[in-house]
Amino acid sequence: QNLQTMVSLDETRVKQMTDILWKEDVPKGKEIITEGDLVADYFYIVQDGSFEIFVSEQDEGGNAQSAEKAASRGESKYVSTVNRGGSFGELALLYLVPRAATVKAVADSTVWVIDRMNFKN
């Protein structure tokens, strides 16, 4: 869904993408993206499986806590689930910002991955 809102994919464009994507298996329970991570070089498209997205809770003043603090206290808020055909990871690639959420596999999953340079092309 995210990918469809960013680009229109004709057959030629799909072929170009499949030439640069690679497949990765992600075991259940693995965090594929960690909120606050500055190493944000990949965009993911889900082939199979399911991922849950979490963000840090905010403190009483409305300020986001650091990802490390929130993780150590278990203070993350569930936001959504991404299933087959969905995608995630584009924000940090588009805007050169830290990862905005933590993404965790809730089942053994398979994703297609594209790196920052190819994603921007």
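Two residues are in contact here when they have heavy atoms within 4.5 Å of each other. On that basis, among contacts in the protein between residues at least 6 apart in sequence, 82% join residues at least 24 apart. The structure is a predicted model, in which local features need pLDDT of at least 70 and side-chain atom pairs count only at pLDDT 80 or more, while totals for chains, interfaces and linings use all residues. Residues are numbered from 1 along each chain as its sequence is written, and side-chain values use heavy atoms, with hydrogens and water left out.

The protein has five helices and eight strands, where helices (H or I, at least four residues) and strands (E, at least two) are DSSP runs numbered from the N terminus. Read from the N terminus on, the elements follow the order α-α-β-β-β-β-α-β-β-α-β-β-α. Of the 121 residues, 32% count as buried; buried means under 20% relative accessible area, exposed means over 50%, and partly exposed covers what lies in between, with a 1.4 Å probe and protein chains only. The protein exposes about 7600 Å², of which carbon and sulfur atoms supply 49%, the accessible areas coming from the Shrake-Rupley method with a 1.4 Å probe and, for residues, only the protein chains shown counting as cover.

A search of the whole structure finds two salt bridges, a salt bridge being a side-chain nitrogen of Lys or Arg within 4 Å of a carboxyl oxygen of Asp or Glu. In one of them, Arg-116 pairs with Asp-41, and the closest N and O atoms are 3.5 Å apart. Because Arg-116 lies in helix α5 (residues 116-120) and Asp-41 in the loop between β2 (31-33) and β3 (42-48), this pair ties together parts that are 75 residues apart in sequence. Arg-116 is buried, with a relative accessible area of 18%, whereas Asp-41 counts as partly exposed at 30% relative accessibility.

The side chains of Arg-84 and Asp-48 also meet in a salt bridge, at 2.7 Å from N to O. This pair links distant parts of the chain, with Arg-84 in the loop between β5 (76-83) and β6 (87-88) and Asp-48 in strand β3, 36 residues apart. Arg-84 is exposed, with a relative accessible area of 62%, and Asp-48 counts as partly exposed at 30% relative accessibility.

Not counting residues up to four places away in sequence, Arg-99 touches several residues, among them Ile-33, Glu-35, Asp-41, Tyr-44 and Ala-92.

Thr-102, in strand β7, is buried with a relative accessible area of 12%. The side chain of Thr-102 reaches the backbone nitrogen of Glu-35 at 2.9 Å, and its contacts beyond four places in sequence include Glu-31, Ile-33, Glu-52 and Phe-54. Phe-88, in strand β6, counts as buried at 3% relative accessibility, and the C-alpha atoms of Phe-88 and Phe-43 are 6.2 Å apart in space although the two are 45 residues apart in sequence.

On the surface, Leu-91, Leu-94, Tyr-95 and Val-97 form a nonpolar patch with about 370 Å² of accessible area together. Patches are made of residues with over 30% relative accessible area and no salt bridge, like charges being joined within 9 Å and nonpolar side chains (Val, Leu, Ile, Met, Phe, Trp, Tyr) within 5 Å. Leu-91 has its place in helix α4 (residues 90-95) and counts as partly exposed at 45% relative accessibility. Leu-96, found in the loop between α4 and β7, is exposed with a relative accessible area of 63% and has a positive phi of about 50° although it is not a glycine.

How values were computed: Polar contact = N/O pair within 3.5 Å; in protein donor to acceptor, adjacent residues only side chain to side chain.
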